[in-house]
Amino acid sequence: MISTKLSAADYRRLVTMLRLLGQAGLKPTLVRLGLIRTRNVEPLSAEAEAEALVSALERLGPTFVKLGQIMGTRADLLPPELTERLSRLHDAVAPVPFEEVRSQLVDDLGDDPAEAFAEFSATPIAAGSIAQVYEARLTTGEPVVVKVRRPGIEEVIRADLRLLSAAARVIERRVPSLRRHQPTRVVEQLAHALLEEIDFRIEARNQEDVRQRTTVFVVPRVYRQFSTDRTLVSDRILGRSPNQAFRLAEPALAGTLAPEAARGLLGLMLLDGVFHADPHPGNVLVTPEGRLALLDFGSVGRLSAKRREQVLVVLGSLVDADVGAVSDILMDWASRSGPPPPGLEPAVDGFFTRYGAQSGRDVRLAEAVTEFISIARQNELALPPDLLLLMRALGISEGLARTLDPDLDVVEAITPVVLDAFAQRFSFKALATRGFRILKELDQVATIAPEALRRGVARLRREGLVVEVSIPDLKAVSDAVRRAGDTLASAVVAAALILSGALYSSASGGDPAQSLFSLVALGLGVGIWLVFVVRRRD
Ligand SMILES: Nc1ncnc2c1ncn2[C@@H]1O[C@H](COP(=O)(O)OP(=O)(O)O)[C@@H](O)[C@H]1O
Ligand SMILES: [Mg+2]
């Protein structure tokens, strides 16, 4: 995907960059990375190094700002003093003069923007490192925004990626201790993410995809006839920013939108498997009808059914504190086999004490997620990028909801979505597919025995979790429901049992053990989450 050959111009840029990094005080870092060889350098303190790195990345331009932002999400690999600073990297930059944008638009639209549109305002309403956004009106009357990729940015990014990839190869060769972080793979992932983000056809597809799935959010329609890989035309949302000023001006509306935002965003993650990965208040507007509109589909995450299931097991484990299940999943995510590292299970256990249902605390998702990721880091378990994106998006979603209502109990707000996801997971069809997958994995035992066996057994242990906890937790569910005297909660449990009863009868003629399994599983899937919620209310 990225060329590995460096041109003469690349070498010149490399020299300029190394000089800039040196001037920023990063010589010791470059030596440590095996990128330069100099004697007599004093090592920097971790804080000074992090500060210098962040300001150098900002000066090196968009590729490096993005690299920094991605590194900022790798709290599973990097120390907190670095990720904390990296996550504050900005990408607001001075806009490109309109003349340059105009000629690119002429190429893309086949006409001058003043002709192609009924109105086109030459002053951008936003300018970031990758795109600038202009207001326009179609000849058919619709108000639109035209998102234009900064002219020439693709070439700059490709050149930077070539240099980064060359640097990664040098680091991998010269610094054995960094090999385990797989620098060339990290650069490949960055290249992939970045080249995807600058291709607006992918953004258009993601935007349409989410638009068709969501019933909660307004998503601007894309006008395909005007859109290319570097021009994206969509409906203009005439809305207000969901910020503190909005909350103070319209407390009642903000109060209703807050739980909706949290629920809607989590619904995309757990139910649809396609989610907005960066729903910060700058990418959201409140429409005049009082609905939430999502903008900017440059970063969209996708979660496979298997991943969603694993995330649910982790959520469910917050209730029954199944340390083994969560440790297994963490090992699976890091593609590691063998016994878990000795620190893992105690750390997961500690996590449950602080964030589990029994803790009785008002849980901050962002804080819980950070801590969960740091457990992975301390045990040298790297996490897959789709999950890191999910966890980060969870924290950002919580931030949006709390901007709208600082007192919102986010866990309570998202409970209905988790219940839905559990119900889907334990629907008969899902169970049948899951059973098939377990069988398939066990079937591999004959050919690649030990590893497949371990995985198969680990999976059975995880999936079996629901049945294993059935006896003590059934009692806990009914006790908790009784204690809370919550008729709504009882109704949900009853509905779950009736639903699973229906599954039982519809499956009669099938394997009774399987039907019984679905009965217990569905009832408990819902029950487990209820215990969580009800106990928190006690
Ligand atoms: N459809 C839209 N309607 C109204 N404003 C928009 C729309 N799309 C973008 N904007 C404005 O332009 C800004 C930048 O657009 P965005 O797609 O977020 O670009 P970037 O990828 O650079 O963040 C947004 O924060 C918002 O203020
Ligand atoms: Mg944006």
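Tutor: Gladly! Let's begin with a term we will need: two strands pair if DSSP finds at least two bridges between them. Keep in mind, too, that this is a predicted model.

Student: How do you know that β4 and strand β5 (residues 231–235) pair?

Tutor: β4 and β5 share 5 bridges, in the antiparallel sense. The definition asks for at least two bridges, so they count as a pair. One bridge to look for is at Val146, whose partner in β5 is Val233.

Student: What makes strand β3 (residues 131–137) a partner of β4?

Tutor: The test is again at least two bridges, and β3 is joined to β4 by 7, with the strands running antiparallel. Ala131, for instance, has Arg149 in β4 as its bridge partner. β3 and β4 form a hairpin with 5 residues between them. In the turn, Gly141 has a positive phi of about 105 degrees.

Student: Why is strand β4 (residues 143–149) described as largely enclosed by the rest of the structure?

Tutor: Count its buried residues: 5 of the 7 are buried, so the strand is largely enclosed. To be buried, a residue needs 20 or more other C-beta atoms within 10 Å of its own. Across the protein, buried residues make up 37% of the 538 residues.

Student: What is the mean pLDDT of the protein, and which residues should I treat with care?

Tutor: The mean pLDDT is 80, and 78% of the residues reach 70 or more. Over residues 463–478, however, pLDDT stays under 50, and the model has 24 contacts there beyond four places in sequence. Residues 531–538 are also below 50, and that stretch has 24 contacts beyond near neighbours in sequence.

Student: Why does that call for care?

Tutor: Where pLDDT is low, the predicted coordinates should not be read in detail.

Key:
Residues numbered from 1 in each chain as written. Chains lettered and ligands numbered in written order. Predicted model: local features only at pLDDT ≥ 70, side-chain atom pairs only at ≥ 80, totals over all residues. Buried ≥ 20, exposed ≤ 12 C-beta atoms within 10 Å, placed from the backbone. Helix = DSSP H or I, 4+ residues; strand = E, 2+ residues; numbered from the N terminus. pLDDT = per-residue confidence, 0-100. Contact = placed C-beta atoms within 7 Å.
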